[in-house]
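Today I'm looking up charged pairs, then a greasy bit of surface.

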Amino acid sequence: MWSGFPLFPERASTIAGRVDALYYFLVAVSTGMSLLIAGLIIFFAIKYRRRSANEVGAPITGSLGLEVLWSLIPFGIMMIMFVWGVRLYFTIYHAPADALEVQVIGKQWMWKFQHLDGRREINQLHVPVGRAVQLTMTSQDVIHSFFIPAFRVKLDVLPGRYTTLGFQATTPGQYHLFCAEYCGTQHSGMIGQIIVMEPTQYQAWLSGSGSAQGSLASLGQTLFQDLACQTCHRSDTQGRGPQLEGLFGKTVHLQNGQTVLADENYLRESILDPQAKIVAGFQPIMPTFQGLVSEEQVLQLIAYIKSLGTQQAQATGGSSPPEGPRDAAPSGRAPGT
Ligand code: CUA
């Protein structure tokens, strides 16, 4: 009934309606309480007004029942808001395991996207309709915020850390992408388009023009060899560094007795700040690769390490023909681009 309401952007994702429903609930509760309080102020001001110059107010002793009631009712309403909001939050920020993965890098002032099969885009993101998509996002410089109003999703994009955002588009079309965090002079120009396509169109787009650059995992593998990572991270147990096969998603035991989950953020930190977490049984001898690899390349290395642990998933998921970049960058290897 609200879909034609002109103040709201269109709804084009599975959670858009749910976000709106919560919003309407918040507006309704706020409006209801405001009217109730304002109405009672006016009503009591008239009913209990002073009628003669010598009139003295009746002493008030309080009412336990009333006090409990006006504490419990707002508490209940707040808890409804809290649980409702938390459930939505977890739906949005924890995509299902079979979600289509896309890597997002924000920089002043553009959005860069890498698809797992190696296809790259700038300020445009193509996704299929009806399929869960998970974005792994980071920033190359300052804090940005990734906002698609029609999908009702928004999340900060932070330097030095990965944040993840999920959505499932319901209607093919083109939707606005905004940066929602002031990030410098051309912040307002840091905009883009989300292009939602029918699955067959999307497949056609994926296998469209582009040089034979290979998947992100294979780009990562090439980089892994170029940087000579394999001299220490050998596939047998004789290496000076930990084995990377099957590492992703595992719990890692550290030198200091703590454990850490081997997720994207851990891998990223281990590449850029290797001394931060030393794996039990190994020496802190790895040099940092800070400044030697770009954000894109860190993500490619992570995609490669992930592929070492999930060979089968890769074999079924990465069956598309080789893809190339859509952007003008001549090479994926130039650090600092
Ligand atoms: Cu990026 Cu504002």
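Started with glutamate 101 and lysine 306: their side chains form a salt bridge, N to O at 2.8 Å. My rule for a salt bridge is a side-chain nitrogen of Lys or Arg within 4 Å of a carboxyl oxygen of Asp or Glu. This pair links distant parts of the chain, with glutamate 101 in strand E1 (residues 100-107) and lysine 306 in helix H6 (residues 295-309), 205 residues apart. I take helices (H or I, at least four residues) and strands (E, at least two) as DSSP runs, numbered from the N terminus.

Ground rules, before I forget. This is a predicted model, so I note that local features need pLDDT of at least 70 and side-chain atom pairs count only at pLDDT 80 or more, while totals for chains, interfaces and linings use all residues. Residues are numbered from 1 along each chain as its sequence is written, and side-chain values use heavy atoms, with hydrogens and water left out.

Next I checked burial for that pair. I call a residue buried under 20% relative accessible area, exposed over 50%, and partly exposed in between (1.4 Å probe, protein chains only). Glutamate 101 is partly exposed at 23%, whereas lysine 306 is buried at 13%.

Then I went to glutamate 296. Which residue does glutamate 296 form a salt bridge with? Lysine 112, with the closest N and O atoms 2.8 Å apart. Glutamate 296 is in helix H6 and lysine 112 in strand E2 (residues 110-115), so this bridge ties together parts 184 residues apart in sequence. Both ends are buried here: glutamate 296 comes out at 6% and lysine 112 at 10%.

Glutamate 269 and lysine 277 were up next, and their closest N and O atoms sit 2.7 Å apart in a salt bridge. Glutamate 269 is partly exposed at 26%, and lysine 277 is also partly exposed, at 29%.

I also found Arg11, Asp20 and Arg152 joined into one network by salt bridges that share partners. The count by this rule comes to 7 salt bridges.

Last stop, the greasy bit. I got a nonpolar surface patch of about 1,000 Å², with Met33, Leu36, Ile37, Phe43, Phe44 and Tyr48 among its residues. Patch residues have over 30% relative accessible area and no salt bridge; nonpolar side chains (Val, Leu, Ile, Met, Phe, Trp, Tyr) are joined within 5 Å, like charges within 9 Å. Areas are Shrake-Rupley with a 1.4 Å probe, and for residues only the protein chains shown count as cover. I picked out isoleucine 41, another patch member; isoleucine 41 lies in helix H1 (residues 16-47) and is exposed at 55%.
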